[in-house]
Amino acid sequence: MAPVENNETGAHGAVEGVDDPGGGRLVRLIGEIDISNADALGANLEKIIGESCDRVVIDLVGLEFMDSSGIALLLRTAGRVDTVEIRNPSDVVRRIIECSGLADVLRIET
Amino acid sequence: MVGTDVAPSGTGTHAAQLSALGSDAGAISGAVAGTRRRFRHAIPIVVAVVALAIVGSLSFTAAALHDSNENRLLRQRVNEAGAVIAATIPNAESPLASGAILAEATHGERASFTKLLGPLSTGTPFVSASLWPAHAVDPKPLIVLGDAPELASRTPAGIRTFLARATVKSSLALLDLLNSSERRLGYSYSVGPQAKYVVYAEAARPPNRRAAVDSNSAFSNLDYTIYLGTGRDPRQVIASSSSGPKLTGRTASDTLPFGDSNLLIVMTPRGELGGSLLARLPWLIGGLGIVLALAAALLTERLVLGRARAEELATLTARLFSEQRSVAQTLQQSLLPEKSPEVEGLGLAVRYMPGAAGVDIGGDWYDLIDVGPGQVMLVVGDVSGRGLRAATVMASLRYAIRAYAAEGDGPSEILIKMSKLISVGRDGHFATVLCGLVDVAERRITFANAGHPNPLLITGAGAEFVATKVGVPVGVEPGAYPTMSVSVPSDGVLLAYTDGIFERRGESPDVGLERLRNASVGYASLDELLDGLLRVLTPDGGRDDTAILAVTWRP
């Protein structure tokens, strides 16, 4: 479970990737995501996911805050792979996803 | 803050602002640089002066320490030398004392006197020894051994006076013959006031008064001069190790009694008594200190320069940011409708408030499009992210919607076409859009919603959200946007808005929406409603951009 990438940015966000026991990749988003660090985190996220990956689980257990830039980051990831699942979203993030009509795109793991 | 109040700004105006910005920034930079330049050298100079003052005082302290150490060592050596010389005085005194006692006991017998002092009168320690009557009117030597005494060449009165000194008490009396032709010292001794005889001896001094110091002696690193008496009179030099009789520079002296006179020992070091390191220390401190002080001054100058540059840059950057923000705000507000369409039977009010957060503008917008008799398309949208790029995406979406609406597309068709226009993967932005076709005659509004917060229907009975069918935001994937219609009663107000009015960081949207719902009742007019909501819900101006739009029926 060693972190593949860990990048601290202005909003103190980080992304780290680990091998998912179910195949695919497990990615953790940590800290805060806003417009100041979304691009940098997105670049790291793409590196972690790589080219040949059809299933990504994004774990938000360590995420403290995310604005629409963070949603865009998740949506970009969802556009690159077949299946994206969101794990452990906070109630706030869950409601933002549901209210924004994104529940079918960013599936929340049950 | 009121969208309809915004003066339109053409592209030409923006270009002029941007080019003016360049020269302004240069002028500011120059002015700041001028102010800074005056102080730029002052601080390094102060640092250099302070550092040099510290170096100087350290050097001075080291020199003073060295000086006092040398003086202390020299005094020690002089005292040691005095002790050594004092220990040799009995060498001259004791044979004369023995001779005096012998002469009294033998009544001046020649044989025993000669036996005692003869061997001592052949040069070392004496060149001449003689016995004199103590109280004669015209004293003549009774016995003479070795050379003729210089004393004999003096006047009878002078000889009497000297011999009287020898009989004052039982001690050595000294006769200064240093400036006579033979350069001698005369010593006399008697047993005291009752003495009948006085023993007298003369010792020769080197003609040039020089006496070498043995190179391996304890005093080899010192020059000395020994004077007879207590003053440094060159004529009274008994012996000196230096060529000039007068010692200069650092000297120390010691006086020790010698018979009825004194010896003055003056010493000066040939080198450094405390070692050469201590002597060089002030110079080492001075040299190193000056180098360090100059280095510190140079470093300070560089730091001051760097800081001045950073401050210039910060001023310039702040200026550029504020200019950029004002340019972007002007651009964004110029993209918002200049005035709402006049539709009979329909009351409209809009507000747009730029967020206070940072320099970046948001991508919020609203639009009201007259699409035919008694029909208006109302649009509220929010492009994700901030900045000029988000505003550009917003502009393209807004004009696309206007075009589709003009062609007669309904809300659902418009959103379907919109969702193909942008892509979050390609553009980095997605957008939530609420489209509502207002039918004045039917008093109905038909909504299609791409991920946007639901509108609020405010009636006399209270405020309730309209449960539109929320589809995926545009730019995510091709979606279906089923419509739903809502009847707005004659006293009803429909409120559409972007998330800036209710969203707070770290708070569930449900909480913010409930706050909005509760705040929306009890206003008499659309303008009062919108102003009241902005005042109550974003009292500090709000972090995010806020667009808010209200429609109602008019009789």
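In this predicted model, 21 residues of chain B meet 17 residues of chain A. Together the two chains bury about 1,600 Å², with 66% of that on carbon and sulfur atoms. On the chain B side, a trio stands out: F430(B), R505(B) and P509(B) provide 29% of the area chain B buries against chain A, more than any other three residues.

R505(B) turns up again in the charged contacts. There are two salt bridges between chain B and chain A, and one of them links R505(B) to E32(A), with the closest N and O atoms 3.0 Å apart. Polar contacts between the chains come to three residue pairs, both partners at pLDDT 80 or more. As for where the chain B side comes from, the elements giving two or more residues are β12 (375–386), α8 (424–427), β17 (470–471) and α9 (509–519) of chain B. β12(B) has the largest share, at three residues. By type, this side of chain B splits into seven nonpolar, nine polar and five charged residues.

Elsewhere in chain B, five strands make up an open, antiparallel sheet, ordered β2-β1-β5-β4-β3. β2 (143–146) and β3 (173–177) of chain B each have a single partner strand, so one side of each edge strand lacks a neighbour in the sheet. On average, neighbouring strands are turned by 20° against each other, direction ignored.

Within the sheet, β1(B) (residues 128–133) and β5(B) (residues 197–204) are joined by six bridges, and W132(B) sits opposite V198(B) of β5(B). Two helices of chain B pack on this sheet. Helix α3(B) (residues 110–117) touches β1, β2 and β5 of chain B, its direction making about 25° with that of β2(B). Helix α4(B) (residues 156–168) touches β1, β3, β4 (184–189) and β5 of chain B, and makes about 150° with the direction of β3(B).

Definitions and conventions
Residues numbered from 1 in each chain as written. Chains lettered and ligands numbered in written order. Predicted model: local features only at pLDDT ≥ 70, side-chain atom pairs only at ≥ 80, totals over all residues. Heavy atoms only, no water. Contact = heavy atoms within 4.5 Å. Buried area = accessible area lost by both parts, 1.4 Å probe. Salt bridge = Lys/Arg side-chain N within 4 Å of Asp/Glu carboxyl O. Polar contact = N/O pair within 3.5 Å; in protein donor to acceptor, adjacent residues only side chain to side chain. Helix = DSSP H or I, 4+ residues; strand = E, 2+ residues; numbered from the N terminus. Nonpolar A, V, L, I, M, F, W, Y, C, P; charged D, E, K, R; others polar. Pairing = 2+ DSSP bridges. Axes fitted to C-alpha atoms, helices over the stretch in contact; angles between N-to-C directions.
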